[in-house]
Amino acid sequence: MSKNKNLLIAGNWKMNGSRRSLSIVSLLMKYIKTKKFKNTHVLICPPFTLINSFTTLAKRSKLMVGAQDCSNKALGAYTGEVSPSMLVDVGSQAVILGHSERREYHNESNKLIHDKVSNALGTDLLTIVCLGESLFQKKRGNTLRVIGEQLRKSLPDNINVKNMVIAYEPIWAIGSGLIPENDDIYKVHHFISQKLISRYGNKAKKIKILYGGSVNKKNASAILSIQYVDGALVGGASLKFSDFKAILEFCN
Ligand code: PGA
């Protein structure tokens, strides 16, 4: 692993966890403290119901807590929605947007994601936008075209690069145990980096590009060593402390 890589390792808990999961937060906090991470930031994104108790517990620690979605609206009569400022109010520091499970099961369009991203960046939330191709699109050789379109349409023209993060998550790799070849990950991350620089200028070099999809303790070291990979978005392997810790062991 390159020593000067500044990594973000984010856990996406999806619809998992209960108040009993506070014990995982305690273990993570202790682990991060003993490891004294310099160049690695650790984030966990539990369901909305757990954010407040997690942020309260992690208040004085370096562990960051975030959400998995937010509204494109600021406030008002939008039953079931949660705004970015409400997330900030309970101590959330980040939000994941445009995850393929939201795009697929909730019919989220690039336009809706674009509006959510603008809304989230209007607060100080670290905003992680997910992009990824399906297996069908990959097999037809359309990966870069799909990623390019999602990137162009999901991101607003006006962004604060400091709070912007991209996560490349091939849909077929999520939860499947399959991952792309290292060289394919490199190609997509390089492509995203070039697109960001051509749209936002050199300051876009600050935007982290995470890889997500079946990251585990066996493949994390190789994935995190790839150029243009600035961290990982981890689903299943973030739910168990020992698995997540094993991934974090490769950082720093
Ligand atoms: P996975 O999920 O690590 O379980 O494949 C990643 C994600 O969906 O963010």
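**The ligand and its surroundings**

An oxygen atom of the ligand is 2.9 Å from a polar backbone atom of Gly236, a polar contact being a pair of N or O atoms within 3.5 Å. A polar backbone atom of Gly235 lies 2.8 Å from an oxygen atom of the ligand. His99 contributes a polar side-chain atom, 2.7 Å from a ligand oxygen atom. The protein covers 94% of the 290 Å² of accessible area that the ligand has on its own, as given by the Shrake-Rupley method with a 1.4 Å probe.

The model is predicted: local features need pLDDT of at least 70 and side-chain atom pairs pLDDT 80 or more, while totals for chains, interfaces and linings use all residues. Residues are numbered from 1 along each chain as its sequence is written, and side-chain values use heavy atoms, without hydrogens and water.

In total, 13 residues surround the ligand, each with a heavy atom within 4 Å of it. The closest are Lys14, His99, Glu169, Gly175 and Ser214. By class, the shell has 4 nonpolar, 7 polar and 2 charged residues; Gly counts as polar, and Asp, Glu, Lys and Arg as charged.

As for the fold, 8 strands form a closed barrel with parallel pairing, in the order β1-β2-β3-β4-β5-β6-β7-β8. Strands are DSSP runs (E) of at least two residues, and helices (H or I) of at least four; two strands pair if DSSP finds at least two bridges between them. Strand β4 (residues 94–97) pairs with β5 (residues 126–131) over 4 bridges, in the parallel sense. Within this pair, Ile96 stands opposite Ile128 in β5. Helix α10 (residues 241–248) packs on the sheet and touches β1 (7–12), β2 and β8 (231–234), where contact means heavy atoms within 4.5 Å.

Terms used:
Axes are lines fitted to C-alpha atoms, for helices over the stretch in contact, and angles run from 0 to 180 degrees between N-to-C directions. A polar contact is a pair of N or O atoms within 3.5 Å; within protein, one must be able to donate a hydrogen and the other to accept it, and residues adjacent in sequence count only if both atoms are side-chain atoms.
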